[in-house]
Amino acid sequence: MKSEDPLLVAWEEMLARKGDAPAIFNTAGEVLRTFRGIEEHAQGLETTMASALEAKGGSPKPHNVSAIQIGNHQDWPSLFLVSLRKRNVFLPIDESVAKEQADKAFSIAAKSGITDWGDKPPALFKLTSGTTAEPCLVRFRSEQLLADCDQICDTMGICDADLNFGVIPISHSYGFSNLLTPLIVRGVPMVVSRDGTPRAVLADLARTGATVFPGMPLFYQAFSEMDDIPALPKLRLCISAGAPLPVSIAKKFREKFGLPIHSFYGASECGGICYDRDATNEVEGFVGQPMKGVDVELIDPTAPSSQIRVRSAAVGDGYFPERDEEKLSGEIFVPDDLLAHDGAGFRIVGRISDVINVAGKKVNPAEVEAYLLRFSGVRQAVVFGRQSALRNEEVTACIVASPHVTESDLLRFCWHGLSPSQVPKQIFIVDVIPTNERGKISRRDLARRFSTTGRSYPLRRLGS
């Protein structure tokens, strides 16, 4: 029986057209999978899973969760196709997420199997940060994932003649939408890379002849500072997302490589929002114009900056399990960012929420605070984000603790149980958490007080 799932329909049509063509390469330029090889591997996985289920006396149930935490690997497309065919809900988990947090996310997602989804069952959960210390999931149907893929490929001019270079995590919203779905829907092949060191990435870009590089500002800065750089004659499109691209980095990169960098702004809840088509990189925080098929509206057009209202067919159906219909519902998403009109496009000028954006990964400060309070001697903890030139924000903590507690001990504790993006860059140990003029603790005020501009911190007690 022919599938009615739009992603599977697109895959079957594309497979008939490109079956024996290379689909996935390693960084040596060797073919790991053809498109037909992806399909054959998917069928093999289905058979193995069906046999294992039958041996246990079970029967397949829709909306169960298929979680995956494998880093960038050639099995991604096959595993996603199997999940779609079994009508399961696919849950990508970043390789850096600690086991405790991954288990917690899976236990929440598992409730999908006992949820009455009506006529809108999800095909994908994106793991993001909720309003509590618990992980939060954004639910997507195949129609929405297909819309995001179409908007990205059509806006950026990416086609099956290109070769995507996949070093950004496929498990992250950026990688999923720019690498995985274009392969399945549009037949855009990709290189899978597991070595994110900038020197290796640059060498692999040259070796593989990749034409499209979805990257982040930290890569472009590192590339610009290298000597003995290889030629990149095939590379034609450089994309930067995860954090605003500093103008200085864009200019250095263009001078060194002769290539512009196109800023890309999106969110887990809705996929792509804006894209800088011209890539002149003359204004800090500029993210360009709305993507094709995306409507962006300033909520308060009279203010110097405002939140925006994003409308598109790619917007997710909502959060799971918590609900926030004012923020996400009915093809409308309201990000926490503050934007301003700038010429023909938009510029990001700040954020209104406490959620910390570390190179595109959303960190809920409540999760880090709860973990710090588990350390013996820590009596109070407040976590906030400080501005970072390359990663948008960096996680910082301010704590009240017993005299024996030191910053180095706390950092070791954090590295043991938190994801790398959640580990504080710096921890200030103070006698009293500073409050604002209203006597309340404000993360925004703490970010200003403990900024990276070289101010003194009179309340800090140095640990030995």
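The buried residues of helix α5 are Ser142, Gln144, Leu145, Leu146, Ala147, Asp148, Cys149, Gln151, Ile152, Cys153, Thr155 and Met156, where buried means under 20% relative accessible area, exposed over 50% and partly exposed in between, with a 1.4 Å probe and protein chains only. That makes 12 of the 15 residues of α5, a mostly covered helix. This is a predicted model, in which local features need pLDDT of at least 70 and side-chain atom pairs count only at pLDDT 80 or more, while totals for chains, interfaces and linings use all residues. Residues are numbered from 1 along each chain as its sequence is written, and side-chain values use heavy atoms, leaving out hydrogens and water.

Helix α5 covers residues 142-156 and reaches 21 Å from its first C-alpha to its last, close to the 21 Å expected at 1.5 Å a residue; the expected span is 1.5 Å times one less than the number of residues. Helices (H or I, at least four residues) and strands (E, at least two) are DSSP runs, numbered from the N terminus.

Thr181 sits in helix α6 (residues 173-186) and is buried, at a relative accessible area of 2%. Leaving aside residues up to four places away in sequence, Thr181 touches Cys149, Phe176 and Arg186, a contact being heavy atoms within 4.5 Å.

Now for the strands. Two of them pair if DSSP finds at least two bridges between them. Strands of a sheet pair through backbone hydrogen bonds, either parallel or antiparallel.

| Strands | Sense | Bridges |
|---|---|---|
| β11 (residues 261-267) and β12 | antiparallel | 4 bridges |
| β12 and β13 (residues 286-290) | antiparallel | 2 bridges |
| β15 (residues 308-311) and β18 (residues 332-333) | antiparallel | 2 bridges |

Strand β12 (residues 271-275) has 5 of its 5 residues buried, so the rest of the structure largely encloses it. A hairpin of 3 residues links β11 to β12, and Gly266 has Gly272 in β12 as its bridge partner. Tyr275, in turn, is bridged to Gln289 in β13.

A further group of 4 strands makes an open antiparallel sheet in the order β14-β15-β18-β17. Its edge strands, β14 (295-298) and β17 (328-329), each pair on one side only. Within this sheet, Val310 stands opposite Phe333 in β18.
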